[in-house]
Amino acid sequence: MAEALAAPAPVGRTLSPGELVTTMAHFHRAEILRMTGWRDRLDRTSNWAITVVAAMLSVSLSTASAHHGVLLFAMLLVLLLLWIEARRYRFFDVYRARVRQFERHYFAQIFSPQPDFASDWLLVVGESLRTPKFLISQRAALVRRLRRNYIHMLLILLLAWILKLSTPSLLSEGVRIDFVSSVREAVAGAALGPIPGLVIVVLVAAFYAGLLVTAFLTSSDDGELSFGDVHV
């Protein structure tokens with residue numbers, strides 16, 4: 001009976017303290033490299049978005065014959081890149097969390113020991129390796145990347161679109177350089193093919209209202225490993 005209640009023996013050879021330290025050092029280095037790889041993908045997507053904004057602004061505002069729909073198309077492209085970057089951020093967050101576990105519970109204890117600081121962080125890391133799972137939702141990742149990067153690019157596109165509609169010299173050739181005489185005239189200029197300008201303005205206004213609510217009124221979903229101002 002006593003043998004039946006005994007704890008199961010550990011699988012594999014138990015590591016010595018020196019071997020454990022070496023294993024943890026190599027594993028930490030590997031997680032740093034994986035995190036850096038995904039961080040590079042995040043920066044690459046942001047660079048694509050910046051390039052799209054710069055190119056579309058140049059095309060739309062450089063000539064009077066350029067249609068304002070170019071800026072609307074740029075908004076959709078930036079939104080697509082935001083979705084792609086949010087997906088990449090979910091992968092990045094998995095490896096960042098493992099690195100933060102090492103920093104908080106291992107290296108911090110070496111450099112600044114706290115006697116009452118106890119945690120089962122090794123079990124958490126082990127379970128993450130055994131059954132990897134995303135730590136944040138796609139929605140939370142979208143909010144983070146929108147709040148920290150993409151809201152600024154989308155606002156720049158919005159201002160450029162308003163400038164395009166409100167300045168006649170940017171709408172057609174041979175018109176004096178001046179602003180439109182009324183809001184109705186600017187709204188009429190927002191027409192896109194058979195779609196009236198008022199419908200386009202309402203859709204754009206609703207789109208940006210949703211972005212602002214998402215970016216600034218949505219509660220933060222930062223995890224317990226995201227303390228401080230350094231995390232992305």
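**Notebook: a pocket and a helix pair**

I looked up the largest pocket first: α4 gives the largest share of its lining, seven residues. This is a predicted model, so to speak: local features need pLDDT of at least 70, side-chain atom pairs count only at pLDDT 80 or more, and totals for chains, interfaces and linings use all residues. Residues are numbered from 1 along each chain as its sequence is written, and side-chain values use heavy atoms, with hydrogens and water left out.

For the volume of the largest pocket I noted about 410 Å³. In the lining, 13 residues take part, and L122, L123, V125, G126 and L129 are the closest to the centre. Two elements, α2 (17-62) and α4 (121-130), each give two or more residues to this lining. I sorted the lining residues into nine nonpolar, two polar and two charged.

My note on terms: a pocket is an open set of points on a 1 Å grid over the protein atoms alone, where a 1.4 Å probe fits, with protein on both sides within 12 Å along at least five of seven lines; lining residues have an atom within 4 Å of a point. Helices are DSSP runs (H or I, at least four residues), numbered from the N terminus.Next I checked α5 (residues 138-166) against α7 (residues 197-217): they pack at about 150°, axes 9 Å apart (lines fitted to C-alpha atoms over the stretch in contact, angles 0 to 180 degrees between N-to-C directions). The two are therefore roughly antiparallel (over 145 degrees). Contact (heavy atoms within 4.5 Å) includes L146 and W161 of α5 and V204 and F216 of α7. I count 16 nonpolar, one polar and one charged residue there.

Notes:
Points joined across faces, edges and corners; volume = space filled by probe spheres on them. Nonpolar A, V, L, I, M, F, W, Y, C, P; charged D, E, K, R; others polar. Parallel < 35°, antiparallel > 145°, perpendicular 65-115°, else oblique.
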